[in-house]
Amino acid sequence: MGQLIDRYYEYEFIARKLSKAYDMDSTCYDENGVLKNYDYLLMGDDDITVVLKGIHVWFEAKSLYGPCGPSGEERKIVFYGGKGLLALAFRCVKVGLFLQGKWKLMHELHPENESQRLARVAGELGIKPSEMVVLGEGTNTSEVLRSIAQTVGEKQCLLAVTQRLAMIMKSSIDFQCQKNAMAFGTHPLKMDYFVIKQDVRDTVRWYNMQRAGGGRVAFHFWGHLLPRFDKYDGKFLQKPFEPSESLRESSRILEKNFLIKQRCGGLRKYCQYLPILWDVLQNGEAFIKDEKKAIEEAKEALK
């Protein structure tokens, strides 16, 4: 942890560099800057930021076009996602609260997968159950995209996505749905993107667990980008560009210190989880408070 504290700002600078390199613009506005109409708004991820910030386009579409999409049918929000590490994090939070004797807070936590959590937050922000479609758990991006394709069909869709995930999703959708639909059991999607801009520091919060381990979860994410694009290029996605050696060198610094899931085997891989899980165990109350605070902030922003 000492090394992380000593070099935190260096790591943050590198993460910001990677974030900028893989940033992309929203495509959901016309030439006059007006939001286009959509039948479905899609939201996924284990980070409720996508709902807290993305919900604005839902209400903007309602104010511009009423309750219906271009098909004439009622517009829906589709939530997707699986369990992932969220389930493990929740278990650690509950154990930590139990050991600290904070049983009332412990009982506020209910088992949720990613899509259920996003739907719950959306409900708190005023979305009606009849306006939601909550998809089942997907174990990987390919399963998620097949489920999305089956749900939305040929209708117009808008994917609300955080800046850090936008290029991953677009590269995956382009490869698995637009270019190789038959091989992946999907079909071409009529898809636009609403990209939620985030500074790296804005990302490091308790409500999305990016703060765990002193920010190790966030730095793991930025460290995994280049290896992910390299590993899955031409298999599950098409990497958007060939990174410069300078960008690769920056990535290697984060990879060396923070990469977890993509590293091959060894005790070190599992030891890297320890400071993260220990931090989650100790900060369950901070997680609950930060989530509530973020939801209240989003409610105020909607007024």
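Predicted model: local features only at pLDDT ≥ 70, side-chain atom pairs only at ≥ 80, totals over all residues.
Five strands form an open sheet, and their order is 3-2-1-4-5. The pairing is parallel. From one strand to the next, the twist averages 25°.

Now the edges. Which strands stand there? Strand 3 and strand 5, residues 190-196, do. Each has a single partner strand, so one side of each is left without a neighbour in the sheet.

Strands of a sheet pair through backbone hydrogen bonds, either parallel or antiparallel.

Let's zoom in on strand 2, residues 76-80. Buried or exposed? Mostly covered: four of its five residues are buried. On one side, five bridges join strand 2 to strand 1, residues 40-44, and the two run parallel. Find Leu41 in strand 1, and you'll see that its bridge partner in strand 2 is Ile77. How does the chain get from strand 1 to strand 2? The path goes through helix 3, residues 49-65. This β-α-β crossover is right-handed.

Strand 2 also pairs with strand 3, residues 132-134. Here there are three bridges, again in the parallel sense.

On to the helices. Helix 8 covers residues 163-179. It lies across strand 2, strand 4 and strand 5. Its angle to strand 4, residues 156-162, is about 140°.

Next, a helix pair. Helix 4, residues 84-99, packs with helix 15, residues 284-302. The angle is about 115°, and the axes are 8 Å apart. Which residues make the contact? From helix 4, Phe90, Val93 and Leu97. From helix 15, Gly284, Glu285, Phe287 and Ile288. By class, that contact has five nonpolar residues, one polar and one charged.

Last stop, the cores. In soluble globular proteins, nonpolar side chains tend to be buried together. In this model, the largest nonpolar core has 45 residues. Which of them have the most contacts inside it? Leu42, Ile148, Leu159 and Ile173. Take Ile148. Leaving aside residues up to four places away in sequence, Ile148 touches Leu42, Tyr80, Leu135 and Leu189. Another core lies apart from the largest one, and has 30 residues. Among them are Met43, Trp58, Phe79 and Val121.

Key: Residues numbered from 1 in each chain as written. Heavy atoms only, no water. Buried < 20%, exposed > 50% of the residue type's maximum accessible area, 1.4 Å probe, protein only. Pairing = 2+ DSSP bridges. Right-handed = clockwise from strand over helix to strand, strands pointing away. Axes fitted to C-alpha atoms, helices over the stretch in contact; angles between N-to-C directions. Contact = heavy atoms within 4.5 Å. Nonpolar A, V, L, I, M, F, W, Y, C, P; charged D, E, K, R; others polar. Core = buried A, V, L, I, M, F, W, Y, C linked by side-chain atoms within 4.5 Å.
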